[in-house]
Amino acid sequence: LATVHGLIAKARPLGAALRRLAELEKLCADANIDEHDYTVYSVGDLEYDTEMTLKALEKKARFIENQSAVRNMTNLTPAQLEEFETTFRYFDRDGGNALSGTEFRAALDSLGHSFSDDEFAVLFSQLAGGAELISFEVYIRFMVELTEDQTTPEQLLHSFRVIAADKEYVTPEDLHMSDLSPASVAYLLRMMPKSSRAESAYDYLAYLRGVFQR
């Protein structure tokens, strides 16, 4: 990655040199000099090649960064990770290695994960942390978590009972003491109905019934 970034740093200043060549080319044109004994390339040719080289280097840098982000992250298969990355690249329209809310939702829909407008608004706000875009690393971590959390109703109920210490409700303290990520905790606290069994408690049984009915 350092090598690629070094090449990018060398290529970017070429713009100034090309602008100087454009001035010289104009002087030649004004002097009716149409041919050059030392090159067959015009300034336009050089500008195009330089632009393509920079784009290729930047694409390679993003590829290396993305591979570093997913390395040793999960037990998912290479095929699953490739599907996630391919989907990300497809919806990353401007190649900026980040997704807007619209792009992220389209990516989720294409992978078979649908959310209501309210659910998605909460989810994106938590993942983006107040920003307008989410990075590839945030995206891939969420997709890994989402995929690995696709458990059966019985498994999910058991997990909640463990978190709740066999209570019929769960508290924010229970969730924060679990292995759930802060984004997942915030999402659950927003989406779970309140429980009447205790103060500041949430009815995870009603929440699970709603999830699996959908």
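The protein exposes about 14000 Å², of which carbon and sulfur atoms supply 52%; these accessible areas come from the Shrake-Rupley method with a 1.4 Å probe, and for residues only the protein chains shown count as cover. This is a predicted model, in which local features need pLDDT of at least 70 and side-chain atom pairs count only at pLDDT 80 or more, while totals for chains, interfaces and linings use all residues. Residues are numbered from 1 along each chain as its sequence is written, and side-chain values use heavy atoms, with hydrogens and water left out.

Eleven helices and two strands make up the elements of the protein, where helices (H or I, at least four residues) and strands (E, at least two) are DSSP runs numbered from the N terminus. Read from the N terminus, their order is α-α-α-α-β-α-α-β-α-α-α-α-α. Among contacts (heavy atoms within 4.5 Å) with a separation of 6 or more, 61% are between residues 24 or more positions apart.

Of the 214 residues, 32% count as buried, that is, under 20% relative accessible area with a 1.4 Å probe and protein chains only. A nonpolar core is a set of buried Ala, Val, Leu, Ile, Met, Phe, Trp, Tyr and Cys residues joined through side-chain atoms within 4.5 Å. The largest such core has 36 residues, and those that touch the most other members are Phe-104, Leu-108, Ile-134, Tyr-139, Phe-142, Met-143 and Met-192. Two or more residues each come from helices H4 (78–91), H5 (101–110), H6 (117–128), H7 (136–148), H10 (182–191) and H11 (204–213), and H7 gives the largest share, seven residues. Leaving aside residues up to four places away in sequence, Phe-142 touches Phe-104, Leu-108, Phe-115, Leu-123 and Leu-127. A second, separate core of six residues includes Ile-8, Ala-11, Leu-54 and Ala-61.

Helix H2 (residues 14–30) has 17 residues and reaches 24 Å from its first C-alpha to its last, close to the 24 Å expected at 1.5 Å a residue, a span taken as 1.5 Å times one less than the number of residues. After H2 comes Asn-32, whose phi is positive, near 60 degrees. H2 also gives the most residues, five, to the lining of the second largest pocket, to which helix H3 (43–70) likewise gives two or more. That pocket holds about 370 Å³ of space, and of its 15 lining residues Glu-25, His-36, Thr-39, Tyr-41 and Ser-42 lie nearest its centre. On a 1 Å grid over the protein atoms alone, a pocket is an open set of points where a 1.4 Å probe fits, with protein on both sides within 12 Å along at least five of seven lines, and lining residues have an atom within 4 Å of a point.

Key: Buried means under 20% relative accessible area, exposed over 50%, partly exposed in between (1.4 Å probe, protein chains only). Grid points are joined across faces, edges and corners, and a volume is the space filled by probe spheres set on the points.
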